[in-house]
Amino acid sequence: MKNTGLNFRHLYYFWVVAKEDSITRAAERLGVAIQTISTQLGLLEKSIGKSLFAPQGRRLVLTEAGRIAMRYAEQIFALGEQMEDALADLDVGRTMRLTVGISDSLPKLIASRLLAAALALPERVKLVCYEDRFEALLGELKVHKLDVVLTDRPVHAGTVLRVFSHLLGESELMLFGVPALAKQYEAGFPASLQGAPLLLPTRNNAIRGRIDHWLEAQDLRADVVGEFDDNALLNTFGRNGLGLFPAPSALADDVAAQFGAVPVGPLQGVKEQFYAISNERKIKHPAVEAILSAIHGKDLTGGHKERT
């Protein structure tokens, strides 16, 4: 391994200065002298052979080299904080930490059902969940900030990321609506959907293209009154009766309990799939293994298999 001679205390001072945009404010935050920070920054720039800051009025702005260094510093110190949290968990008996990224397009009821198996383990499990866009979560997974990503799509086969997609299962979609709205469209379904108000995922969502194709195949022109990146927000608008909305048929009871919505009819042939994305071809984290084992044979899954 190449020995860069990088001093992480110098890097930490750089990181704080970059966040504060000022050596003076960084010194106040760290409780050290301004000269100390200036000296540390000078030693860091000397060790890497590049200037990291340029003056801009009373502020310091990052150079191109500084922006690159900042991206890596953010990852390094975020991992450091996670390490401290993980080690602190050891003080509370035997604790297993599971850090999960949940795609904003994945139904949260599905995510909750999948994660229930991990929380049922005999060992104490500390569950840490982050929700974000699919691409952002893959970046976090790559640098090992996450143990696994739960999402509704596999990683594209041509990706340069060395991550692996594990198919958890699938469920046919149904349209749901609050009772008053559902009553208008359930008779004569699916022909009754002509002109019906729909709340759908945006077109960058994996399932949207399948829904559009189904509507075309039925020769239907529905009124798409809302498009949403976030599945939870879509369901919230559905609960308010602003339109019919899709959800996995396996969650019919949950949708009724949480959103007061009832089934209108199935989108036959349209299935939503659920994946776990990991850094390993073979899952090794005990809590993720528990998820894979527990879902086998349930209504919303057909077992699991691995795909690159």
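Visitor: Where is the place of Gly 188?
Guide: You'll find Gly 188 in the loop between H7 and E7. Keep in mind that this is a predicted model.

Visitor: Okay. Does Gly 188 count as buried or exposed?
Guide: Gly 188 counts as exposed, because its relative accessibility is 54% and the cut-off for exposed is over 50%.

Visitor: And how are the C-alpha atoms of Gly 188 and Gly 265 placed, what separates them?
Guide: A distance of 9.7 Å separates those two C-alpha atoms, while along the chain Gly 188 and Gly 265 are 77 residues apart.

Visitor: Switching to rings. How many aromatic pairs does a search of the whole structure find?
Guide: Seven aromatic pairs turn up. One of them is formed by Phe 189 and Trp 214, with 6.3 Å from centre to centre and 25° between the planes. That pair is stacked.

Visitor: Which parts does the pair of Phe 189 and Trp 214 tie together?
Guide: Phe 189 is in the loop between helix H7 (179–185) and strand E7 (197–201), and Trp 214 is in helix H8 (residues 208–217), so the pair links parts 25 residues apart in sequence.

Visitor: Are Phe 189 and Trp 214 buried or exposed?
Guide: Both Phe 189 and Trp 214 are buried.

Visitor: Which residues do ring pairs link into a cluster?
Guide: Tyr 12, Trp 15 and Phe 77 are joined into a cluster by ring pairs.

Visitor: What sits over the ring of Phe 134?
Guide: That's the charged end of Arg 153, 4.8 Å from the centre of the Phe 134 ring.

Visitor: New topic: helices. At what angle do H1 and H3 pack?
Guide: Helix H1 (residues 8–20) packs against H3 at about 115°, and their axes are 9 Å apart. So H1 is roughly perpendicular to H3.

Visitor: Is the crossing of H1 and H3 left-handed or right-handed?
Guide: H1 and H3 have a left-handed crossing. On the H1 side, the contact residues include Tyr 13, Phe 14 and Val 17. From H3, Ile 37, Leu 41 and Leu 44 are among them.

Visitor: What about H2 and H3, where do their axes cross in terms of angle?
Guide: The axes of helix H2 (residues 23–30) and helix H3 (residues 34–48) cross at roughly 110° and come within 9 Å. That makes H2 roughly perpendicular to H3. The H2 and H3 crossing is right-handed.

Visitor: Which residues make the contact of H2 and H3?
Guide: H2 brings Ile 23, Thr 24, Ala 26, Ala 27 and Leu 30. H3 brings Ile 34, Ile 37, Ser 38 and Leu 41.

Notes. Residues are numbered from 1 along each chain as its sequence is written. This is a predicted model: local features need pLDDT of at least 70, side-chain atom pairs count only at pLDDT 80 or more; totals for chains, interfaces and linings use all residues. Side-chain values use heavy atoms; hydrogens and water are left out. Rings of Phe, Tyr and Trp (its six-membered ring) pair if their centres lie within 6.5 Å; planes under 30 degrees apart count as stacked, over 60 as edge-to-face and the rest as tilted. Helices (H or I, at least four residues) and strands (E, at least two) are DSSP runs, numbered from the N terminus. Buried means under 20% relative accessible area, exposed over 50%, partly exposed in between (1.4 Å probe, protein chains only). A charge sits over a ring if NZ of Lys or CZ of Arg is within 6 Å of the ring centre and within 35 degrees of the ring normal. Axes are lines fitted to C-alpha atoms, for helices over the stretch in contact, and angles run from 0 to 180 degrees between N-to-C directions. Angles under 35 degrees count as roughly parallel, over 145 as roughly antiparallel, 65 to 115 as roughly perpendicular and the rest as oblique. A crossing is left-handed if the near helix is turned anticlockwise from the far one by less than a right angle, and right-handed if clockwise. Contact means heavy atoms within 4.5 Å.
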